[in-house]
Amino acid sequence: MIKTGMDKDTLLNLMNETTYLTADKAKELGFIDEVMFESSDEPSLVASETSSLLPKSVIDKVRNMQDVKNTTVKLSAPDLKPMIQKAIDELKAITIIDGKTLNEWDELNNKQKEEVPKTSHIYGSFLI
């Protein structure tokens with residue numbers, strides 16, 4: 001009430017109505033003293049998670065990197081095949097199902113294919 005000069009009822013009414021204010025409106029009503037970065041000038045430093053400051057050159061470099069994602073890269077099927085195979089091999093090595101990696105399941109499956117097939121008969125099993 002002291003900062004804005006508004007009476008108690010007006011302030012309570014704003015809170016009860018869940019009033020959202022733009023920075024300019026908040027300044028006009030006296031809730032804030034100034035709007036930061038009101039001018040077109042960008043800040044030269046920005047705080048990071050570790051509370052150190054990033055120079056503007058680093059920020060600009062990251063912004064420029066965003067343009068790279070719209071660049072078209074042409075690859076042929078022979079170029080892609082080894083990349084895809086490498087990704088598949090890496091996934092097979094780390095994907096675990098029932099306690100075994102996919103590579104281990106492949107090995108088990110291949111061993112079963114290599115075994116000599118047997119046939120069952122009422123008098124026992126016979127090799128084919």
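User: What share of the contacts with a separation of 6 or more comes from residues 24 or more positions apart?
Analyst: In this predicted model, residues 24 or more positions apart account for 12% of the contacts with a separation of 6 or more.

User: And how much of the protein is buried?
Analyst: Buried residues make up 6% of the 128 residues. The accessible surface comes to about 11,700 Å², and carbon and sulfur atoms contribute 57% of that area.

User: How many helices and strands are there, and what pattern do they follow along the sequence?
Analyst: The protein has five helices and six strands. Read along the sequence, their order is α-α-β-β-α-α-β-β-α-β-β.

User: Let us turn to charges. How many salt bridges does a search of the whole structure find?
Analyst: The search finds two. One joins the side chains of Glu28 and Lys25, at 3.4 Å from N to O. The other joins Lys92 and Asp106, with an N to O distance of 2.9 Å.

User: Where do Lys92 and Asp106 lie, and how far apart are they in sequence?
Analyst: Lys92 belongs to helix α4 and Asp106 to helix α5 (residues 102-114), so this pair ties together parts that are 14 residues apart in sequence. Lys92 is partly exposed at 27% relative accessibility, and Asp106 is partly exposed as well, at 31%.

User: Why are Glu28 and Lys25 separated by about one helical turn?
Analyst: Both residues are in helix α2 (residues 23-29), and because they are three residues apart there, about one helical turn separates them. An α-helix has 3.6 residues a turn, so residues three or four places apart point the same way. Side chains of opposite charge can pair when their charged atoms come close.

User: Is Glu28 buried or exposed? And what about Lys25?
Analyst: Glu28 is exposed, with a relative accessible area of 59%. Lys25 is partly exposed, at 35%.

User: Back to α4. Which residues form the nonpolar patch on the surface?
Analyst: The patch consists of Val73, Leu75, Leu80, Met83, Ile84 and Ile88, which together have about 530 Å² of accessible area. Among them, Ile84 is found in helix α4, which covers residues 77-94. Ile84 is partly exposed, with a relative accessible area of 46%. That value passes the patch criterion, because member residues need over 30% relative accessible area.

User: Moving to backbone geometry: which residue has a positive phi although it is not a glycine?
Analyst: Asp98 does, with a phi of about 50°. Most residues other than glycine have a negative phi. Asp98 is placed in the loop between β3 (96-97) and β4, and counts as exposed at 70% relative accessibility.

User: What caps the N-terminal end of α1?
Analyst: Asp7 does: one of its side-chain oxygens lies 3.1 Å from the backbone nitrogen of Asp9. Helix α1 itself covers residues 8-16.

User: Last topic, strand β4. Is Thr101 buried or exposed?
Analyst: Thr101, which lies in β4 (residues 100-101), is buried at a relative accessible area of 16%. Residues count as buried under 20%, so Thr101 falls in that class.

User: Which residues is Thr101 in contact with, leaving aside its neighbours within four places in sequence?
Analyst: Thr101 is in contact with Lys92, Ala93, Thr95 and Ile96. One of these, Lys92, is also the residue whose side chain meets Asp106 in a salt bridge.

Key
Residues are numbered from 1 along each chain as its sequence is written. This is a predicted model: local features need pLDDT of at least 70, side-chain atom pairs count only at pLDDT 80 or more; totals for chains, interfaces and linings use all residues. Side-chain values use heavy atoms; hydrogens and water are left out. Patches are made of residues with over 30% relative accessible area and no salt bridge: like charges are joined within 9 Å, nonpolar side chains (Val, Leu, Ile, Met, Phe, Trp, Tyr) within 5 Å. Accessible areas come from the Shrake-Rupley method with a 1.4 Å probe; for residues, only the protein chains shown count as cover. A salt bridge is a side-chain nitrogen of Lys or Arg within 4 Å of a carboxyl oxygen of Asp or Glu. Helices (H or I, at least four residues) and strands (E, at least two) are DSSP runs, numbered from the N terminus. Buried means under 20% relative accessible area, exposed over 50%, partly exposed in between (1.4 Å probe, protein chains only). Contact means heavy atoms within 4.5 Å. A polar contact is a pair of N or O atoms within 3.5 Å; within protein, one must be able to donate a hydrogen and the other to accept it, and residues adjacent in sequence count only if both atoms are side-chain atoms.
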